[in-house]
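User: Could you take me through the fold of this protein chain step by step?

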Amino acid sequence: MKAKLVCIDTNICIWGIKSQAKPGQTGEAEKIDRANKLFSDLDLDGVRICLPAIVLAEILVKEVESPDFEQFKNLIVLHRPILTFSTPCAIRHAKFIAGYIGKDNKRRAELMASPGYTKNMLRADLQIISTMLAYKINTLYTHEVQLTSIGKEAGLTVLTLPELSKPPTQPPPDPQQRIF
């Protein structure tokens, strides 16, 4: 039986793998706990978490100068399928953008009106969705409003982090020890 595949966005990866959140981010400890719960729940259900290459790049960009870069990179790359942005992805990307954004760029303008949402974020989000469509992965976990909107419009099932029924009784596992 073939395992079900899902993708997760960059922030959920960082919360679940590194057990880090942006300093001052609202509810950062809860987001880390919820990401850990998601990883555990998916593992228990036999669901494989895949990472589009753009998500891997976004995770690694802040780690390049770290002395632990190779160890951190290997922790991710050796234990999760990385979905390359291949020729089929590029073709799917072009078709998706042509149909989604359109020649009048109205949808792009709507997305760009969101405070803090940049062209680079839109490009990354479109690459995530196009990669998923090309690989025929239908489920995305994200907390990002724009990525949720784009994913749903592309016909994907878009989910967020699971709620915690009670606070964890023990600290999250050390990301260096856990095979996420």
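The questions and answers below go from the whole chain to its sheet.

Analyst: This is a predicted model, in which local features need pLDDT of at least 70 and side-chain atom pairs count only at pLDDT 80 or more, while totals for chains, interfaces and linings use all residues. Residues are numbered from 1 along each chain as its sequence is written, and side-chain values use heavy atoms, with hydrogens and water left out.

User: How many helices and strands does the chain have?

Analyst: Helices (H or I, at least four residues) and strands (E, at least two) are DSSP runs, numbered from the N terminus. From that end, the elements follow the order β-α-α-β-α-α-β-α-α-α-β-α-β. The count comes to eight helices and five strands.

User: In what order do the strands lie in the open sheet?

Analyst: Two strands pair if DSSP finds at least two bridges between them. Strand β1 (residues 5-8) pairs with β2 over three bridges in the parallel sense, and two bridges join β2 to β3 (residues 82-83), also in parallel. With parallel pairing, the five strands of the open sheet have the order β3-β2-β1-β4-β5.

User: Which strands stand at the edges?

Analyst: Each edge strand has a single partner strand, so one side of each is left without a neighbour in the sheet. The strands in this position are β3 and β5 (157-159).

User: Why is strand β2 described as largely enclosed by the rest of the structure?

Analyst: Buried means under 20% relative accessible area, exposed over 50%, and partly exposed in between (1.4 Å probe, protein chains only). Strand β2 covers residues 48-52, and it is largely enclosed because its buried residues number four of the five.
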